[in-house]
Amino acid sequence: MGGAVAVPMWHDRRVMAVSDKKLELLFRRAEGLLLDESGFSADISRLASDEALQNLRELQGDLERSGKSERLKRLERAAGAHRAEAEEYIEKHGICGVMRHPAGDATVFMLPIETLPNHVNNIYAIVREKSHVLFDCGSGIGVSKRDIEFTLSIVRSVFKTEVHLERFDWCVISHAHVDHFGGANELKQHSNAKIAVHELDARVLEQFEERLVVTAKDIDIYWRRAGVSDEECAVLRELYSSTKLYVKSEPVQLKLEDGDRVEGYQAHHVPGHCPGLICLQVNDVLLTSDHVLARITPHQFPQALTPFGGIAHYFRSLKKVRELPGIRLALGGHEEPILDLARRTLEIEEFHRHRLEQVMDLCKTPKTIAGVTEQLFGVQERYGRILAIEEAGAHVEYLHQKGRLKIANLDEVARARDPVIEYVSVS
Ligand SMILES: [Zn+2]
Ligand SMILES: [Zn+2]
């Protein structure tokens, strides 16, 4: 949900194809036209929706490329005040990103929430008679709170389902990344919802200040060993801590283990992207959070930084959800629904296996993790640099664990107190 910011214009469409992500954003904004006049709020204006629809009309080539021409025609008909057409459109595509998915005796509402600038999370309201469960709660920053209110108002006004923030029984946190749990402090102020999270991530929620300090120390050592210069370490350290300082520790009421249930919904522990990551199964729908996403491959970090991270865990967790019986639909913590979960897990695994081979190639001559990072990702700015070093480091670590890489400067590593490690492929 982008809010009421001006609709971006792409002036030179001959050279710049519009991404699927941007098309989706335009659709979501244009779908404001399907809201009753009273449904408009500060978050979306009729003018912004009109502009977005006009933008879409000018992007026929991009719509055809991404198979969305038919959706635009349907939206135009729906916006033409045909009630039945509008209802049909909303059932299929949702409205302003809010989608209703039946899941056995429950209904799952997908609520897109802007949690950081230009970063949208999906949180989920899982509704059964007398049982309302929230899956993740956004970041807690201003737009995140605003979008939760706005999307819940759509659930009430369009889908005629009385869901209110203050009436949730539980908030199940998928994992301890701030865009998924940072809103917990705020939620507890407005709601009696009890908080459940996997036991490996409970410590992060309950002792967040400790977590920040300890991780900052560990990551500093990791960066030095990876070959990051002292000056850059100082910059990255500052950046690493500054984004998380507003979050405060929050008590957890239920610490989950693999297979545990909340209100009957089963938690599957899928370590890799985060140590305590869980997918929540709501009958035939699996909420995959950041374990499996529709378009991007979820970020990886080395388990040298935190146990239960790393590619080996991640591959095992991909296999685990691939083999879960009876899953009809998967819904991620970001991006669109995943219609074929098994296939998507294979695509992601294939992507990482290819990247592992790239790292093997790069390390034919000795490289530090910082060196591998630059070759894989080029120059990265700000937080992107931190993520790139972690991603490259996870792949180097996996290959080293499997004996396919070895340390190239062992004598130096043995002698130095704070060594930079170089890796080389074992031929
Ligand atoms: Zn995450
Ligand atoms: Zn995420």
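A: E263 sits in the loop between strand 8 (261-262) and strand 9; strands here are DSSP runs of E with at least two residues, helices are runs of H or I with at least four, and both are numbered from the N terminus. The model is predicted, so local features need pLDDT of at least 70 and side-chain atom pairs count only at pLDDT 80 or more, while totals for chains, interfaces and linings use all residues. Residues count from 1 along each chain as its sequence is written, chains are lettered from A and ligands numbered from 1 in written order, and side-chain values use heavy atoms, leaving out hydrogens and water.

The phi of E263 is near 55°, a positive value in a residue other than glycine. Most residues other than glycine have a negative phi. E263 counts as partly exposed because its relative accessibility is 31% (buried means under 20% relative accessible area, exposed over 50%, and partly exposed in between, with a 1.4 Å probe and protein chains only). C96 also has a positive phi without being a glycine, near 50°. C96 lies in the loop between helix 5 and strand 1, and with a relative accessible area of 0% it is buried.

What are the protein donors of the zinc ion (ligand 1)? They are H175 (NE2), H177 (ND1), H273 (NE2) and D290 (OD), lying 2.1 to 2.3 Å from the ion. Donors are N, O and S atoms within 2.8 Å of the metal (3.2 Å for Na, K and Ca), and water is not among the atoms, so sites may look incomplete.

Along the chain, the donors of the zinc ion (ligand 1) follow the spacing H-x1-H-x95-H-x16-D. H177 counts as partly exposed, at 25% relative accessibility, whereas H273 is buried, with a relative accessible area of 5%.

Why is the arrangement around the zinc ion (ligand 1) irregular? The four donor atoms subtend angles of 90 to 169°. Four donors count as tetrahedral if all angles lie between 85 and 135 degrees; four count as square planar and six as octahedral if opposite donors are over 155 degrees apart and all others between 65 and 115; anything else is irregular.

The zinc ion (ligand 2) is 3.5 Å from the zinc ion (ligand 1), and D290 coordinates both. The protein donors of the zinc ion (ligand 2) are H180 (NE2), D290 (OD) and H334 (NE2), 2.1 Å from it, with the spacing H-x109-D-x43-H along the chain.
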